[in-house]
Amino acid sequence: MSLFLKLLFRNRLAGFGAVVLGVIVLLALLTPILPLHPPNETNTANRYLRPLSDGHLLGTDHLGRDLLSRLLWGTRLSLAVGFAAALIAGLAGAAIGVIAGYFGGRTDNVTMRGIDMLMAFPYILLALAIVAVLGPGLLNALIAVAVVNIPFFARNIRGVTVGIAHREFIDAARLAGMGHTRILLTEVVPNIVPVVVIAMSTTIGWMILETAGLSFLGLGSQPPQADLGSMLGEARSALITAPHTSIVPGVMILLIVMSVNLLGDGIRDALDPRLRSGALARPMAATRVERREVPAAQGEGFLRIDALETQFQVGRRIYKAVNKVSLDLQPGECLGLIGESGSGKSVTALSVMGLVASPPGVITGGAVRLEGKDLIGAPYELLRSLRGRKVAYIFQDPLSTLHPLYRIGDQLIEAIRVHEPVSHGEAHKRAVKLLEDVRIPNAAARVRAYPHELSGGMRQRVGIAMALANDPDIIIADEPTTALDVTVQAQILALLDELRQRRGLAILFITHDFGVVGQLCDRVAVMYGGRIVETGPTQDVLEGPAHPYTKRLIACVPELGGGRRILAAIPGLPPAVDQLPEGCAFAPRCDKAQDACRRGEIELKGETRKVRCLYPEVAP
Amino acid sequence: MGGYILKRLLSAIPVLLGITVIVFLIMAMIPGDPATAILGSYATPENVARLNRFLGLDEPLWRQYFIWLGNMLQGDFGRSFALNRPVLDEILDRFSATLILAGTAFVLCALLGVIAGTISAARQYGFADKAITFVVILGISVPSFFLGMMMILIFAVQLRWFPVSGMYSIWGGGDLPDLIRHLTMPAIALSVVATGVVARLSRGAMLEVLRQDFIRTARAKGVHERRVIWGHALRAAMVSIIPVLGIQAGFVLSGAVYIEMVFQWPGVGRMLVDAILKRDILLVQGGVVFIAACYVGFNIVVDVAQAWLDPRIKT
Ligand code: SF4
């Protein structure tokens, strides 16, 4: 609760709304005991007095009635009516929603059909129709506004109730012989109260506005009684000669509705877990860079990653996803980067072209050099011109990584045309050719397909074709076969291998599967807890893993590929990268761990083969 | 696509029937009988009975409904007793004015709302986002009728940029520029709330989409950020924005009532309010059914647009 209030007031606008609304409600409550003129006391000698005149702080209206007094009494009335309408709509809507959602079946069907019908009306129109029947009057306007809002509540609450009605404790209660009424009252209702309250707090502003509107039209409160809407309606004829009589009630409505809306938004935001965790932040065009120093290049390499550090900063917590990782890739070479999920392998790969979602991602150190030129912190335009042209990506799940609403041909054509000023027709020809290159049958027709019309394997071929569109030098493949079944997986791997041979591509291949690495990669680097723990030529590592973690990974490869069982096969969980232990990150899961392993920094040692372990399985 | 449109048209029939039932039932709940309302309280019982028979009010309720429905299908919405002319004629005369007003307001709210929401999302937490968010809050909280009055005060009375009210000038008016001068203020006043709602939802939809994997793919291809936002992301976000636009269309169509009152705009909204105050039931009944039917029709257009935009919807 205190967290809730803190979040609410951290949102300054919501706090402002709460204060304004508080003052208005307080004034409305105190109105009867404040020293005011009677609101209906007419005095034709004092018509249309301006604000700040003697004895009438806000002036008077067309009958010489004190505006301040009428304003406060009107506010009282408007607030009461708005609140009552929200309460009635909320309760009636919730009752309908609960009954429909709980009993389901035909009850649900019939009720919801009726609700849909009501929602087919533009709702101010429905309110007018109801007032037409009941006749003008404040109470009738209240009823009309409440009724037209019932469908909204009924629908919301029904949805929530359906979710609750199928939980175990409801079934248990039913089996225990509890009656429907008791189950509804003890199990269902308590769970939906918060939802009703939130829905009410976000709609009460509307209700005040709508009743004011009906009164403004002359269909709500009738003279001499006046709410804010009818004050505005009466003042309309004198808009030009005495504008203050309109401005005073109008501004009051605006203040009330605005403060209610601000507060309602604040409440909703404070209760939204996604906002709390910052999960609704939008990723920027390139990853944010906060780098103090640029490390010297530690050697040659077509693509060199030196001491790369990428973090996720969520609130005050820092997750070191990539911790001083160095890698190099030669032209035409395939390097496998392997590790469990959460080891930082994907983040490493995405950091190369600044594609780590930011916020929360930040590159805090290191360098990524392409042909000797550092890309970290490079101007966006340079980065963009390299993306897809020099370094292209293939992602894991092509269903979510291809745009669902564009034809695959158009996506390919776009990929070509962002880097090369060729005509649409030319690009189209090349798109078809690309699809043929990745062995998509009937390519000329398939360019018109949408991603959802293709099978998973075909989609991934499209993903590969898109990566090849500009004949890049490097392809970074981020688990490109994980979402596919085993036979398709083998085909895709064979395709990648063939393309590599034919086009002289360098590939950085990210996977959690040693079987895949064995088929494709020249060298392999093993990541654990954001660091490289072992690297070397694939064959050597496979035959004699030096790091205990590598050994385990290899041990649980099934015959070929398809090894999602790996994760379960290693006892213990991968470390959370916001609280890495001192010393070796693998120590809690390692059966060779000694005291020395838990102290100090352990270095990555060796020449062509390197390992970060005090007691390696074989000497590197 | 053609098949989908036909299917959608057919599915509108039960909705339209439902609307007539609801309107009929609401109107049947009116206390007292219309004959007395028409003839006044001094009418003799014989006269009331004769008029009731003439109006078909001595029949059972369900027969009354079918007679009413049958007549409407033939274009006979009854006669307005206050205006002494056929209801449909009156509605059709007025409806074009409302359509011009609401249509303009709708186009404004759709364009400005989507643009503002997209900018807001693209610059999340930046200055533009904060400024837009603030204006939006203000926009959705201001009563349109009050806004209209203030606009009259400032732009018509003080600055004299626009005429105070009406649809055409009495002398020498009637052409398009004249209409536009009269239309500007009411259309803006009517669109403000809807623009706010659309902007807000567009922002949310865009933020949702911008985190999706296919946006990262677009960036990885080297697509320019401007095109990522206004092309890839907005296109995908439109799928959830369009239904909101449908709801807002209903909102501007019925919210036109207030604006027509403030600006003396000769539309159906004002006609309805007058009819309610005069208890001219047939006119209210006809007007409500007519507007609701238009709204149903518009929603079909929205659904078709949605299906055209999203190939995943089975057509
Ligand atoms: S350093 Fe120690 S704990 Fe870590 S892997 Fe090697 S033996 Fe195991």
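## Polar contacts across the interface

A polar contact is a pair of N or O atoms within 3.5 Å; within protein, one must be able to donate a hydrogen and the other to accept it. In this predicted model, 20 residue pairs are in polar contact across the interface of chain B and chain A, both residues at pLDDT 80 or more. Helix H10 of chain B, residues 225-262, supplies the largest share of the side that touches chain A, with 16 residues. That side of chain B holds 52 nonpolar, 12 polar and 14 charged residues.

## Extent and salt bridges

Chain B brings 78 residues to the contact, and chain A brings 77. About 6,900 Å² is buried between the two chains. Carbon and sulfur atoms give 72% of that area.

Four salt bridges are counted between chain B and chain A. Asp265(A) forms a salt bridge with Arg200(B). Their closest N and O atoms are 2.2 Å apart.

## Chain B

Chain B has 12 helices and two strands. From the N terminus, the order is α-α-α-α-β-β-α-α-α-α-α-α-α-α. The C-alpha trace of chain B spans about 85 × 55 × 35 Å along its principal axes.

Chain B has 315 residues, and 52% of them count as buried. Take its contacts between residues at least 6 apart in sequence: 71% join residues at least 24 apart.

## Ligand shell

Technical notes:
Residues are numbered from 1 along each chain as its sequence is written. Chains are lettered from A and ligands numbered from 1 in the order in which they are written. This is a predicted model: local features need pLDDT of at least 70, side-chain atom pairs count only at pLDDT 80 or more; totals for chains, interfaces and linings use all residues. Side-chain values use heavy atoms; hydrogens and water are left out. Contact means heavy atoms within 4.5 Å. Buried area is the accessible area (1.4 Å probe) that two parts lose on being put together, summed over both. A salt bridge is a side-chain nitrogen of Lys or Arg within 4 Å of a carboxyl oxygen of Asp or Glu. A polar contact is a pair of N or O atoms within 3.5 Å; within protein, one must be able to donate a hydrogen and the other to accept it, and residues adjacent in sequence count only if both atoms are side-chain atoms. Helices (H or I, at least four residues) and strands (E, at least two) are DSSP runs, numbered from the N terminus. Ala, Val, Leu, Ile, Met, Phe, Trp, Tyr, Cys and Pro count as nonpolar, Asp, Glu, Lys and Arg as charged, and the others, Gly among them, as polar. Buried means under 20% relative accessible area, exposed over 50%, partly exposed in between (1.4 Å probe, protein chains only).
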